[in-house]
Each structure stands twice: as C-alpha cells, then as structure tokens.
Amino acid sequence: MEEASVFENFELQLDQSAKDFLKEIAKWAYFLSILGFVAIGLMIVFAFFAGTVFTSMGNSVPAMGSSFGAIMGFFYFFIAALYFFPVYYLNKFATNAKKAFRDNDSEALSASFGYLKSHYKFIGIMTLSILVLYGLIFAFGIFGALLGR
C-alpha cells in the first residue's frame, strides 16, 4: 500500500510580499529584455557595417585578407542570433508575469515561470558550452606549445 507524501498534497501560497517581489522582477525583466532587443538590433546593424569596414581594412592590410569582413559580419550575426533566445524568453516571462498579476491568472504565472526556466536553461547550456570551448582552446594551446619545442 502506497502512502501519499505530505508534499504531494502541499499547495504553495504566495503572500503579498512575494507577489510584490514578482511584480517588480517582471518590470525589471521587461526593461532588460527591451534593452536586449535594442542591443540585438545594434549588433545586426553593426554586422552590416563590420563586413564593409573590415573588408576595406583587409584591402589595405594584407594580413587580414578581403574575406575577413564577411567573417566578422557572420560572427556578429551569429552572436545576435544566439543572444536572441534568452532575451526572447526573458521578455515572455515578463509579459506573462505582468498579465498574471493584472488578471489574477494562475496559468499565465505558470507559463511565465516556464519561460524563466527556459531562459536560465539556455544561459546555463551556453555558459557550459563556452567553458568547454575555453578548455579545448587551453588544451590545444598547451599541446601546440609542447609540439613547438
């Protein structure tokens, strides 16, 4: 016979101070997501100009090559695309949380926490990927230095 745990019947209740904290978090998250979208737009604009600028620099500096501008433009587009997803998830969290408190909607609050989870999951995976990349660069650097002796 299986007994139900006390925690299975537990229902979480938010007091007024927790609701106020979440409302303020939603406002700041919305503000940061708007700044993030502006930064993404600037990155895309800079990607167009970086391609042109670095291509013209590549013509005057032979070591850079003429394709360096295209590489830098692609790099900025890639960073902007990568940056889009956490900013989008943060924006969806903020708009759903604001809607949940405005309309007293529990489903919107649950959806907002789902987007917040996705935001932090994406940031965590991206951080882990960058740490692995740094480790590989460090290992190949040491390997290259040992081979260069």
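Select Lys-19 to begin. Its relative accessibility is 30%, so Lys-19 counts as partly exposed (the class between buried, under 20% relative accessible area, and exposed, over 50%, with a 1.4 Å probe and protein chains only). Lys-19 sits in helix H1, residues 16–60. Helices here are DSSP runs of H or I with at least four residues, strands are runs of E with at least two, and both are numbered from the N terminus.

A word on the source: this is a predicted model, where local features need pLDDT of at least 70 and side-chain atom pairs count only at pLDDT 80 or more, while totals for chains, interfaces and linings use all residues. Residues are numbered from 1 along each chain as its sequence is written, and side-chain values use heavy atoms, with hydrogens and water left out.

Next, select helix H2, residues 68–103. Its 36 residues should span 52 Å at 1.5 Å a residue, and the end C-alpha atoms are 52 Å apart, so the two agree. The expected span is 1.5 Å times one less than the number of residues.

Zoom in on Phe-84. H2 has a kink of about 25° there, shortly before the proline Pro-86. The bend is the angle between axes fitted to the seven residues ending at a residue and the seven starting there. Then go to Asn-104, which follows H2 and has a positive phi, near 55°.

Now pick Ala-26, Ala-29, Leu-90, Phe-93, Ala-94, Ala-97 and Leu-116. These seven residues form the largest nonpolar core, meaning a set of buried Ala, Val, Leu, Ile, Met, Phe, Trp, Tyr and Cys residues joined through side-chain atoms within 4.5 Å. H1 and H2 each supply at least two of its residues. H2 gives the most, with four. Stay on Ala-94: not counting residues up to four places away in sequence, Ala-94 touches Ala-26, Ala-29 and Tyr-30.

Finally, show the whole chain. How many helices and strands does the chain have? There are three helices and zero strands. Of the 149 residues, 21% count as buried. Among contacts between residues at least 6 apart in sequence, 64% join residues at least 24 apart.

Conventions. Contact means heavy atoms within 4.5 Å.
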